[in-house]
Amino acid sequence: MASVAVSKDSLESDSDIHITLEDQQKINRFARHNAKYEELRDDLKNKKADLQNLEDASDDLLLVEDESAPIPFVVGEVFVHFNMEETKEKLEEAKNKVNKDIEAIDAECTNIKAMMSDLKTQLYAKFGNSINLEAEEE
């Protein structure tokens, strides 16, 4: 997560830099965008894990010997038994939905990243080294 910090010592030693209401709003907007971006990255990671699980389930269906046996499929919080063909269809539907979700999250991440980049440019132009908007290393 990026930290947003304005060094008070740096600001006091350099009398040319003053934080205006507009500057504070930009800093706050950057912090909100950054929090949303981190949340979306977590969502994206979870969606990709879900997609991998669906891919694994599709691969496991290829190993089923008795195609007439009912196959349990999670719907909400319960298992519903479907035949092989219905299960394959449900898996494809679920994969398509997750792929669409991933595309939407990627697009939103790109949009937020662009807004953050613009704010970062403006804030660094005004505050220089007195502000830190870079992501912390974990």
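Predicted model: local features only at pLDDT ≥ 70, side-chain atom pairs only at ≥ 80, totals over all residues.
Local features need pLDDT of at least 70, side-chain atom pairs count only at pLDDT 80 or more, and totals for chains, interfaces and linings use all residues. Residues are numbered from 1 along each chain as its sequence is written, and side-chain values use heavy atoms, with hydrogens and water left out.

**View 1. Strand 2 and strand 3 form a hairpin.** Strand 2 covers residues 71-75 and strand 3 covers residues 78-82. Strands (E, at least two residues) and helices (H or I, at least four) are DSSP runs, numbered from the N terminus. The two strands pair in the antiparallel sense over 5 bridges; pairing requires at least two bridges found by DSSP. Val75 stands opposite Val78 in strand 3. Between the strands lie 2 residues. Gly76, in the turn, has a positive phi of about 70°.

**View 2. The largest nonpolar core has 25 residues.** Such a core is a set of buried Ala, Val, Leu, Ile, Met, Phe, Trp, Tyr and Cys residues joined through side-chain atoms within 4.5 Å. Phe30, Leu123, Phe127 and Ile131 have the most contacts inside this core. Helix 2 (21-61), strand 2 and helix 3 (84-127) each give two or more residues to the core. Helix 3 supplies the largest share, 11 residues.

**View 3. Ser58 is found in helix 2.** Ser58 is buried, with a relative accessible area of 17%. Buried means under 20%, exposed over 50%, and partly exposed in between (1.4 Å probe, protein chains only). Leaving aside neighbours within four places in sequence, Ser58 is in contact (heavy atoms within 4.5 Å) with Leu91 and Lys95.
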